[in-house]
Amino acid sequence: MTTRRTIRGRHIACLASLAALLALGSALAAPDRAAAEDLPPAKELFGMVVAAAPMEARAIGFYSRGCLAGGVALPVDGPAWQAMRLSRNRNWGHPALIDYVKQLADDSQRLDGWPGLLVGDMQQPRGGPMLTGHSSHQVGLDADIWLTPMPDRRLTWQERENLAATSMLKNTLEVNPAVFTERHVALIRRAASYPEVNRVGVNPAIKHALCKANGGDAPWLAKVQMWPGHHYHMHIRLDCPRGSEGCKSQDAPGGTSCAAAEEWYRKTKAAIENPPRGPRPKPKPAAPKPELTLAQLPAACREVLAHDRPPLILKGSAAVASVTALPVRRPR
């Protein structure tokens, strides 16, 4: 029941922004950015849409400020994968990402003995900022792959919503050897080995364990970056594929070698063993970041958001759609 209420609340919140989406018609027709700046945050506009833009596939912008044209949905079940958290509708990506996930699932199962992938968040149907969670995952080239092996049966919808991913950590400094095994090392090595991969984000303790297991640096390890959190999944990021005009890849990793992982371990261990004495000053709360607006995204994202939508007519402050076939999330 709790899950149903959560899902219903999310859908109702999305539906409440329908009037804002109708107003989008005038913003798209405007020759300048002013109309787009009057709209609600971009996450509300992109978060409502349940279908991809039927356009030529293109990643647009940067991973944390962009959108996706011609997105493709990863099937929720495959021969070597299962998609999780289906209510979020985030199993979308650029065709290059879909191909990558399928290949990783097949190769890791066939060549490395991995039972299969549990695939977490990828992108929304048209990318863009998300209602909750990630600041990246916007252009169709990011995917979270759980480090929990896939069970040998098909999970139910309820299990996909509620099953908790397993942390790989024993403590802040170490992986749990009862959970993190050589098969995990092989999976992450496989994930980083493809040429289209820009980087793989994992917890620093996992990176440190990978370096120990590998006996030092290696080309594939150079792509594995230390990202706080990420103790139950790895974050895969691909380079911009060919044909994605206006897409900007992240610079190739220049650090986070095994020497850096060893330094992280040493400094973190020292801080744990010798904590500062006396009361710690309370950190000042960080000012909330302003929400991204449609005007702050690449101009092409306005076309992606409005593509295949019915024409909209504005009458004073009321927006009336001439056709009602607008794909939005609706309460269950």
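Visitor: Which residues of α8 are buried?

Guide: Buried means under 20% relative accessible area, exposed means over 50%, and partly exposed lies in between (1.4 Å probe, protein chains only). In α8, the buried residues are Pro204, Ala205, Ile206, Lys207, His208, Ala209, Leu210 and Cys211. That is eight of its 11 residues, so α8 is mostly covered. This is a predicted model: local features need pLDDT of at least 70, side-chain atom pairs count only at pLDDT 80 or more, and totals for chains, interfaces and linings use all residues. Residues are numbered from 1 along each chain as its sequence is written, and side-chain values use heavy atoms, with hydrogens and water left out.

Visitor: What covers the buried residues of α8?

Guide: Start with the labels. Helices (H or I, at least four residues) and strands (E, at least two) are DSSP runs, numbered from the N terminus. Contact means heavy atoms within 4.5 Å. The cover on α8 includes α7, β9 (197–202), α9 (219–223), β10 and α10.

Visitor: At what angle do α7 and α8 pack?

Guide: Axes are lines fitted to C-alpha atoms, for helices over the stretch in contact, and angles run from 0 to 180 degrees between N-to-C directions. Under 35 degrees counts as roughly parallel, over 145 as roughly antiparallel, 65 to 115 as roughly perpendicular, and the rest as oblique. Helix α7 (residues 182–193) packs on α8 at about 100 degrees, with the axes 11 Å apart. The two are therefore roughly perpendicular. From α7, Glu182, Val185, Ile188 and Arg189 meet Ile206, Leu210, Ala213 and Asn214 of α8. By class, that contact has five nonpolar, one polar and two charged residues. Here Ala, Val, Leu, Ile, Met, Phe, Trp, Tyr, Cys and Pro count as nonpolar, Asp, Glu, Lys and Arg as charged, and the others, Gly among them, as polar.

Visitor: How do the axes of α8 and α10 cross?

Guide: Helix α8 (residues 204–214) and helix α10 (residues 258–273) have axes that come within 9 Å and cross at roughly 125 degrees. That makes α8 oblique to α10. A crossing is left-handed if the near helix is turned anticlockwise from the far one by less than a right angle, and right-handed if clockwise. This crossing is left-handed. Pro204, Ala205, Lys207, His208 and Cys211 in α8 touch Cys258, Ala261, Glu262, Trp264 and Tyr265 in α10. The contact residues divide into seven nonpolar, one polar and two charged.

Visitor: Which residue caps the N-terminal end of α8?

Guide: A polar contact is a pair of N or O atoms within 3.5 Å; within protein, one must be able to donate a hydrogen and the other to accept it, and residues adjacent in sequence count only if both atoms are side-chain atoms. Asparagine 203 is the cap: a side-chain oxygen lies 2.8 Å from the backbone nitrogen of alanine 205. After α8 comes glycine 215, with a positive phi near 80 degrees.

Visitor: Where does histidine 230 lie?

Guide: In the loop between β10 (224–226) and β11 (233–238). Its relative accessibility is 17%, so histidine 230 counts as buried. Its phi is positive, about 50 degrees, although it is not a glycine. The side chain of histidine 230 reaches the backbone oxygen of proline 228 at 3.0 Å. Beyond four places in sequence, histidine 230 contacts Gly201, Val202, Asn203, Ile206 and His235.

Visitor: Is histidine 137 buried or exposed?

Guide: Buried, with a relative accessible area of 0%. Histidine 137 sits in the loop between β7 (117–119) and β8 (142–146). Its phi is positive, near 60 degrees.
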